Amino acid sequence: MSVAVVHSRALAGMEASPVTVEAHLANGLPCFTIVGLPEAEVKEAKDRVRAALQNARYEFPARRITVNLAPADLPKESGRFDLPIAIGILAASEQLPAELLAGCEFAGELALTGELRPVRGALAMALSAARARRAFVLPEANAPEAALVEEATVYPARSLLEVCAHLAGRAPLVRCTARPAVNGCRHPDLLDVKGQLRAKRALEIAAAGGHSLIMVGPPGTGKSMLAERLPGILPPMTREEALAAAAVQSLGSAGFDIANWSRRPFRAPHHTASAVALVGGGSLPRPGEISMAQHGVLFLDELPEFGRQVLEVLREPLESGRISVSRAARQAEFPAEFQLVAAMNPCPCGYLGHPNGRCRCTPDQVARYRRKISGPLLDRIDLQIEVPEVPQEDLTRGAEGEASAAIRTRVAAARARQLRRQGRPNSGLSSREVDRHCAPDAHGATVLRQAINQLGLSARGYHRVLKVARTIADLAGARALSVTHVAEAIQYRRFDRS
């Protein structure tokens, strides 16, 4: 046959769109042409495929070769099309039987020696191949990641020769069925943080309800240590959450490390990060830090040092849990269900209100510093707390308090109550669900009305206080919201009180 059809995938946001690789051999002067909107790395596949076929002792046809990547209006990037192009040429030149091609999808970059190198997005491609009821042949290094999709049929291969032997029936590839074990908690322990009992309590509430948190305090009080220990007290990931987090990380430039399976992501970008780095983008849109932190923690240290425009892009995903990236020719949507934790100093020098009186910042400087964070963004942060200087006696005292494992048990129990009651964490409740599940008792309602008048709470702030109060009640095992739960929740609105 002079035409062969091979199935593959192209990444478009979170989706792995089907691509049909059509290889055609015709008479005429020898040439090799790839059409179908290929990017530079796909065009370079001509030289890689030619060298790989020759080094694998196959004949490279001295004919007019045309490879079409359909659909033609979908941009094709990366070296993942090397393997399907090579298979298509071999099938079109009748050096390889074509009977098994219809039931398989192929992806992999070829070395000049014919070895297969790993590609980006293996998990997303395996999900789509499983829905299409086709087997998926890919490099051995990507197999553990793709095999996370239990319904997928994944065949790992080390070289082009192994793939050809499988299709010819000489040496069938062995299906990859290995499943990674659920990782234990490998995060730093909260017991390492001395003092700061109120901050630890706020961290526990944030973990139980999935609430966002901002910590304000002078340098060296443990804000970063507390944030780094939040993933260690979060509830264990469900399989669906672990798969969703792994699928997003699979799209990143570094790919997904199978050792991180079922481990909560913790992302801490530097304050010089751009808005595109945070939310995603590019001519071919890729996920940013808020998506890479899917079902995990996004920690923004030194919050006022981030650009104002960078911080403002967080407002929409904090509410919706998704981010839409639009470019002139491409649009993509990525998940952004992350837990925001931020830390900042109270003033430019960091020592405003410190007992030693070291601060020399003027009121104007303090106001300008705090204005870098907009009111609408602060209003979306559920817990706003102060992290004061640690007393000397706490520093010199040995480790005391609770370990992360004990706190995690309480957090998991509170989260289980929320899922049984409403099917989602308290932070994700709609206004109607807040009215149904977060109604306080008479005394609590009175205190809440007073807080609205004295603190000037917005409608969003009012609902967030009720969500936090509901989480506090869940941690205590209480069915109804009492005045104690509401009063504690109001205390965590630090910026409203100031």
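**The largest pocket**

The largest pocket has a lining of 40 residues. Nearest its centre lie Gly210, Phe338, Pro425, Ser427 and Gly428. This is a predicted model: local features need pLDDT of at least 70, side-chain atom pairs count only at pLDDT 80 or more, and totals for chains, interfaces and linings use all residues. Residues are numbered from 1 along each chain as its sequence is written, and side-chain values use heavy atoms, with hydrogens and water left out.

A pocket is an open set of points on a 1 Å grid over the protein atoms alone, where a 1.4 Å probe fits, with protein on both sides within 12 Å along at least five of seven lines. Lining residues have an atom within 4 Å of a point.

The largest pocket holds about 1,000 Å³ of space. Volume here is the space filled by probe spheres set on the points, which are joined across faces, edges and corners.

Several elements each give at least two lining residues: α13 (315-320), β17 (339-344), α17 (404-422), α18 (431-437) and α20 (459-476). Helices (H or I, at least four residues) and strands (E, at least two) are DSSP runs, numbered from the N terminus.

By class, the lining splits into 14 nonpolar, 14 polar and 12 charged residues. Nonpolar covers Ala, Val, Leu, Ile, Met, Phe, Trp, Tyr, Cys and Pro; charged covers Asp, Glu, Lys and Arg; the others, Gly among them, are polar.

For reference, the second largest pocket holds about 260 Å³. Its lining has 18 residues, with Gly252, Ser253, Ala254, Arg267 and Met292 nearest the centre.
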